[in-house]
Amino acid sequence: MGIINFTAPEAGNFLVKIIIWLVSTSSSIAVGIIVFTLILKLITLPFDYFSRASMRKNTLKMEQMRPELEKLQKQYADNKELYNQKMMALYKKNGYSMFGACLPTILTLVIFIVAINAFTNYSQYQNKQYFYNMSTAYNRVVYEGLDADGTYIIRNEDGSLTVAKETLYQNAKDNGDTFTDNGVTAKIDGYYLVITTDNGYVEIREKFNVGEKVNFELTEYKVLDTISEKAYANRANDFNGGLLVDGKTFSESGLTADEFIGKIQSAMSAKAYHAEEKSFLWIKNIWVTDSPMKHPVETDWDTFKQTHAYKGDDITDANYKKLIGDLEEETTAPNGYFVLVILTAGLSLLQQLVMTKSQKASMELQTVDGQGAQTQKMMTWMMPIMMAVFAFMYTSAFSIYIIISTVFSMLTTFGINFIVDRKFKKEETNNADGEKVRGRVYIPKEEKKVEKKKEKKKNETPTNDFLSGTADNKKSHIRGRLR
């Protein structure tokens with residue numbers, strides 16, 4: 001029997017702390033993740049609007065340039081470099097911005113990387129927190145094996161004990177190696193200070209060495225060979241079902257004292273695990289991927305350390321097996337059935353099809369041989385595959401984030417495209433009809449002058465007959481001669 005010193009996890013960066021707060025204040029983990037996703041998307045919405053609006057406007061401009069670009073494609077079919085030069089010149093003339101078209105991809109990539117990092121850190125934190133709480137419940141069974149008198153033994157909030165070892169050692173040394181006070185007994189046994197209480201079933205063995213002063217090197221907890229009826233009676237309600245194993249008392253169980261208390265430790269650990277909400281619909285642990293190849297709880301200590309990036313070596317595989325002793329179903333049952341993985345890939349494919357349709361002109365005309373369209377078709381299938389891989393590699397919580405984010409992005413894309421299309425058509429109508437001033441169509445003055453001049457010339461009857469006297473008397477003369 002022993003204490004499992006599972007290190008308390010650290011929350012990490014501020015984004016992880018925000019997720020923790022949202023999850024803790026929401027009705028469920030899934031709701032907290034959805035709220036976090038929507039908040040993140042709303043924060044980035046102004047940038048998203050600018051980039052998507054720019055992309056859509058470029059697409060509409062590309063449709064306007066289609067006749068000219070198709071003509072250039074035929075004209076420079078064998079000269080890609082010259083086509084690109086002519087195309088860039090046409091872009092500049094029509095106000096087509098390449099930067100605006102690239103910005104959405106960059107912004108989406110940055111947010112995606114930030115989200116992956118946040119959810120990875122939080123999933124690791126949350127799984128570590130589950131096991132820290134389990135170890136606390138496991139250890140509490142040991143700590144409860146001693147009475148806390150408030151003087152020599154003080155119980156902390158997490159159930160652990162603060163023991164006045166130096167004081168008990170000195171009192172025992174001054175009283176023939178044994179000291180008893182207020183139900184606490186301290187005895188010096190070789191290089192061990194053994195501490196017990198009247199109503200306990202555990203002894204503390206503190207190994208020490210003596211120099212200028214006593215130094216304690218190691219703390220061991222040992223279950224007493226027998227559990228007194230008094231100890232049992234006082235703690236019958238301390239644990240789930242009292243001090244019972246399979247409904248039996250210690251004397252009825254046929255187990256050794258150490259085995260009996262160990263069974264209760266595993267039961268309390270499992271109770272702490274089940275007390276934490278972590279399931280979502282068919283998924284048993286939302287911080288593990290939605291896959292039948294994964295289990296809600298890792299079966300061995302090495303797998304746990306690798307999966308959740310636990311760096312401590314203070315727990316053995318044997319102790320880990322004790323900690324999960326009553327979680328047999330959680331270590332064998334499938335955590336999911338690839339539903340979120342498939343849904344993530346499907347929505348990603350739908351998003352790519354929407355983007356492909358809205359950027360059809362750009363993809364077809366940005367290269368002389370239409371290679372851009374082929375590249376886009378390849379990306380249409382590559383992105384869903386990549387998203388499926390991410391959904392499989394990371395947690396179900398991250399898959400939920402991707403799904404909500406994708407749905408939100410598609411809805412905003414439709415809305416932004418609708419707004420930009422209407423605005424673009426309105427501008428085109430105004431440009432076609434002329435500039436409107438106070439509700440009337442304004443015609444530039446230069447055009448009026450040209451029309452008046454033409455009208456004047458139309459009404460005049462010019463002649464070059466100088467002798468008839470009808471010639472224009474404004475003809476200039478040079479030195480008496482007709483110029």
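Student: How do helix 3 and helix 4 cross, and how far apart are their axes?
Tutor: In this predicted model, the axes of helix 3 and helix 4 (residues 80-94) come within 11 Å and cross at roughly 150°. The axes are lines fitted to C-alpha atoms, for helices over the stretch in contact, with angles from 0 to 180 degrees between N-to-C directions. Helices here are DSSP runs (H or I, at least four residues), numbered from the N terminus.

Student: What does that make helix 3 relative to helix 4?
Tutor: Roughly antiparallel. Angles over 145 degrees count as that, under 35 as roughly parallel, 65 to 115 as roughly perpendicular, and the rest as oblique.

Student: Who touches whom there?
Tutor: Lys61, Met62, Met65, Glu68, Leu69, Leu72 and Gln73 in helix 3 meet Tyr83, Lys86, Met87, Leu90, Tyr91 and Asn94 in helix 4. Contact means heavy atoms within 4.5 Å. By class, these are eight nonpolar, two polar and three charged residues. Ala, Val, Leu, Ile, Met, Phe, Trp, Tyr, Cys and Pro count as nonpolar, Asp, Glu, Lys and Arg as charged, and the others, Gly among them, as polar.

Student: Where is the kink in helix 3?
Tutor: At Met65, shortly before the proline Pro67, and the kink is about 60°. That bend is the angle between axes fitted to the seven residues ending there and the seven starting there.

Student: OK, new topic. How do helix 2 and helix 3 pack?
Tutor: Helix 2 (residues 29-43) packs on helix 3 at about 55°, with the axes 4 Å apart. That makes helix 2 oblique to helix 3. Lys41, Leu42 and Ile43 in helix 2 meet Leu45, Pro46 and Phe47 in helix 3. Five of these residues are nonpolar, none polar and one charged.

Student: And what about helix 1 with helix 2?
Tutor: Helix 1 (residues 14-25) and helix 2 pack at about 130°, with their axes 8 Å apart. So helix 1 is oblique to helix 2. From helix 1, Leu15, Ile18, Ile19, Leu22 and Val23 make the contact, and from helix 2, Ile29, Gly32, Val35, Phe36 and Ile39. That contact has nine nonpolar residues, one polar and no charged.

Definitions and conventions. Residues are numbered from 1 along each chain as its sequence is written. This is a predicted model: local features need pLDDT of at least 70, side-chain atom pairs count only at pLDDT 80 or more; totals for chains, interfaces and linings use all residues. Side-chain values use heavy atoms; hydrogens and water are left out. Helices (H or I, at least four residues) and strands (E, at least two) are DSSP runs, numbered from the N terminus.
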